[in-house]
Amino acid sequence: MVGLALLFTAAAMRLIGGLSSALAPDRRYWIHSAFTCLMIGGIAIGFWNLWSIAGVTWTLPRFLLALGIPGANYYIATVLIPENPADVPSWRDYYYATRVRFFGGLLALLMIQAVSARVLLGMAWTDPVRILDLGFMGFALVGMRSDNPRVHAGLAILMAVVFLSFAFVLAVQPGWLAA
């Protein structure tokens, strides 16, 4: 569990550490800023969901699978916020230049989460939560394929609405996934 928490922490630190540059008034791009903030929230939810796997019987393959979730979050964080965020002249240009890697990382994260829920928690492939999995996977594919700013604005707004609904309705109790 400590290894998982450390990776989640590293991802959150990367995103939070780059916020001052990403939100600089002369360079910011609201869509990039929205996804960055949503990923910070997603990491917090991922950390919160560690309660769900507290009772898992651990093996090395299960641990490596579980590491995939915070690892994918860290990858996404490094895509959203580069090593030297102060050197990014335009977050709009940066966002569209890295959108395929960002949404590809999001797609990988979603797949890892789906497999982890099945392997670690025994969640059925037919569980209603899988609708969210599939919806967000489609969302990620659209984000990878499109370079249209209106599409990306719609994706950012949709993700914010779904994330807030999910965070304050489904994920309010520790261990909710294991229930």
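Guide: A crossing counts as left-handed when the near helix is turned anticlockwise from the far one by less than a right angle. Keep that in mind for this predicted model.

Visitor: What is the handedness of the crossing where α2 passes α3?
Guide: Start with the axes of α2 and α3, which come within 11 Å. They cross at roughly 160°. The way α2 passes α3 is left-handed.

Visitor: Are α2 and α3 roughly parallel or roughly antiparallel to each other?
Guide: The crossing angle is roughly 160°. Angles over 145 degrees count as roughly antiparallel. Therefore α2 and α3 are, to each other, roughly antiparallel.

Visitor: How do α1 and α2 run, roughly parallel or roughly antiparallel?
Guide: Helix α1 covers residues 2-22, and helix α2 covers residues 30-48. Their axes lie 10 Å apart, and the packing angle is about 155°. That angle makes α1, relative to α2, roughly antiparallel.

Visitor: What is the handedness of the crossing of α1 and α2?
Guide: These helices pack at an angle of about 155°. Their crossing is left-handed.

Visitor: How many nonpolar residues are in the contact of α3 with α4?
Guide: Helix α3 spans residues 60-80 and helix α4 residues 91-121; their axes come within 8 Å and cross at roughly 165°. The two are therefore roughly antiparallel. In their contact, seven residues are polar and two are charged. The nonpolar count is 17.

Visitor: Which residue meets Arg14 in a salt bridge?
Guide: By the rule used here, there are two salt bridges. In one of them, the N to O distance is 4.0 Å. Arg14 sits in helix α1, and its partner lies 69 residues apart from it, in the loop between α3 and α4. The partner is Glu83.

Visitor: What is the area of the nonpolar surface patch made by Trp30, Ile157 and Val161?
Guide: One member, Ile157, lies in helix α6, residues 149-170. Trp30 and Val161 complete the patch. The area is about 320 Å².

Terms used:
Residues numbered from 1 in each chain as written. Predicted model: local features only at pLDDT ≥ 70, side-chain atom pairs only at ≥ 80, totals over all residues. Heavy atoms only, no water. Axes fitted to C-alpha atoms, helices over the stretch in contact; angles between N-to-C directions. Helix = DSSP H or I, 4+ residues; strand = E, 2+ residues; numbered from the N terminus. Parallel < 35°, antiparallel > 145°, perpendicular 65-115°, else oblique. Nonpolar A, V, L, I, M, F, W, Y, C, P; charged D, E, K, R; others polar. Patch = residues over 30% accessible without salt bridge, like charges linked within 9 Å, V, L, I, M, F, W, Y side chains within 5 Å. Areas by Shrake-Rupley, 256 points an atom, 1.4 Å probe, with all protein chains shown as cover. Salt bridge = Lys/Arg side-chain N within 4 Å of Asp/Glu carboxyl O.
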